Amino acid sequence: MNTSLFELFKIGIGPSSSHTVGPMRAALRFVQTLEASSLLPSTLSVVVDLYGSLALTGIGHGTDGAILLGLLGDAPDTVDSTQIPSLLATIRSSGTLNLGGRQSIHFLEAEHLHLHLDQMYPTPGVATHPNGARLSAFDSSGTLLAEEIFYSIGGGFILSQAEFDAQRSSAVISTRTVPYPFSSANELLTTAAKNNLTIAELLLANECALLADTTLSINRPALDNAQPSTPEERINSSILALWRVMQQCTERGIATEGILPGGLNVRRRAHRLAERLRTEGSKDPLAPIDWVTVYAMAVNEENAAGGRVVTAPTNGAAGVIPALGHYYLHFIEGTDAEKHEGILRYFLTAAAIGILYKENASISGAEVGCQGEVGVACSMAAGGLVAALNGTNAQVEHAAEIAMEHNLGMTCDPIGGLVQIPCIERNGMGAVKAINAARMAMHETGDHKLSLDQVIATMYQTGLDMQSRYKETSLAGLALNIIEC
């Protein structure tokens, strides 16, 4: 286990974890490297080259603006989203950028930010990851001071070229020590059974162990005025803080009306649908399912508008996990204390499932299509809901397997490179699928034929076999055949 819950679920801004959050973190890390190497004062210009999916759909995903924000020294989890338009406008109108907040440099996007639409990878002929970026710093004479290639591998995770090469050659050895390591769903179930633990309890113990890992840089949010005294309380407090950010995002999405940015003139629908349910929902036995759709769409409308969201496991799939959290709170019977514990089980278990996908396959739409985003979120939410409902570990695994089984082969073909059509509705559909998968698993008895490990392997191989045109390039599928909406 190399991934923490708080790396899988992290606060950021829309519209994309791989195209906005990842590039912003890469640019920030590049600036921090310049500063650590004492090269920042000598840097007079920075050139950014974007390749593959970052180039093809970068403008629609806000990659250009994210790069500028990262160069300013801003981070996705702390930047004031209300100030982003003015920050970008100042750079673009002045032609200057305050690198790292300290060093003023000349910066014109036409001159310093290049979109290589005809080149998939930073190094021609060398297949790596389709979300590649090269950042280069020069002094006043044009001499190259520093250069770094980064890959945004999904969910806001980034790797330098050296880190990517090490991972690809299987040379990465985790330095993270946890009491219950696992690298497969089978190992997760076996370890949990051997130690008489639920999956949630197992992951909580691992997260507590990671608190002491001083080499691990994780931003764990904390509840206001909370003073947790034990490791378990610290982890639970941080999980609930993430959940509150999700709830706030959902609330904003439901409250807000208008047209989403980007030029497609897509109208926000969550507010209108919620108002209709409030007046007519009591007459409809399927109203809870409609509310699940509203919750999911509200989050992804906020994401599409560049608002603050939590990757779960990506921005493009950020609506599924909170939608089922709201479903559990509002439509499942139980006391407040029971719901409190259920929400914690939900997130811990969903994270364990997400870690399996992250470490054994991919959560990048540009690498494996939307099966790696909404499909993974659906699988995580289904297993997490079973845990919240006090299902068994075997039922958790079965629900996660069912959910992914029926997302296999799903392409990533956003129209206009925007995470609006079909992305927003797709989150609603994924949330409903997750509920159905959880119910099917909990109603079953005995073994099932396919394992979660087999389905994860199948998803990854399907993604690798999928033509690149269907993986977040906007060169095929709905993006090509429906060009006007």
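**Domains, interface and cores**

The C-alpha centres of domain 1 and domain 2 lie 29 Å apart. Domain 1 covers residues 16-169 and domain 2 covers 185-215 + 220-480, with bounds that come from an automatic or database domain assignment. This is a predicted model, in which local features need pLDDT of at least 70 and side-chain atom pairs count only at pLDDT 80 or more, while totals for chains, interfaces and linings use all residues. Residues are numbered from 1 along each chain as its sequence is written, and side-chain values use heavy atoms, with hydrogens and water left out.

**Interface between the domains**

- In domain 1, 24 residues are in contact with 23 residues of domain 2, where contact means heavy atoms within 4.5 Å.
- About 1,500 Å² is buried between domain 1 and domain 2, and carbon and sulfur atoms give 55% of that area; buried area is the accessible area (1.4 Å probe) that two parts lose on being put together, summed over both.
- Between domain 1 and domain 2 the count of salt bridges is zero, a salt bridge being a side-chain nitrogen of Lys or Arg within 4 Å of a carboxyl oxygen of Asp or Glu.
- On the side of domain 1 that touches domain 2, the elements that give two or more residues are helix 2 (17-36), helix 3 (52-56), helix 4 (58-61) and strand 7 (144-154); helices (H or I, at least four residues) and strands (E, at least two) are DSSP runs, numbered from the N terminus.
- Helix 2 gives the largest share of that side, with four residues.

**Nonpolar cores**

- The largest nonpolar core has 96 residues, and those with the most contacts inside it are L5, F9, I321, L324, F347 and Y357; such a core is a set of buried Ala, Val, Leu, Ile, Met, Phe, Trp, Tyr and Cys residues joined through side-chain atoms within 4.5 Å.
- Helix 15 (residues 336-360) gives the most to this core, with twelve residues.
- Because domain 1 and domain 2 both give residues to this core, it lies between them.
- Not counting residues up to four places away in sequence, Y357 touches several residues, including V376, M404 and L452.

- S152 lies in strand 7 and is buried, with a relative accessible area of 4%; buried means under 20% relative accessible area, exposed over 50%, and partly exposed in between (1.4 Å probe, protein chains only).
- Leaving aside neighbours within four places in sequence, S152 is in contact with residues including S17, S18, H129 and F157.
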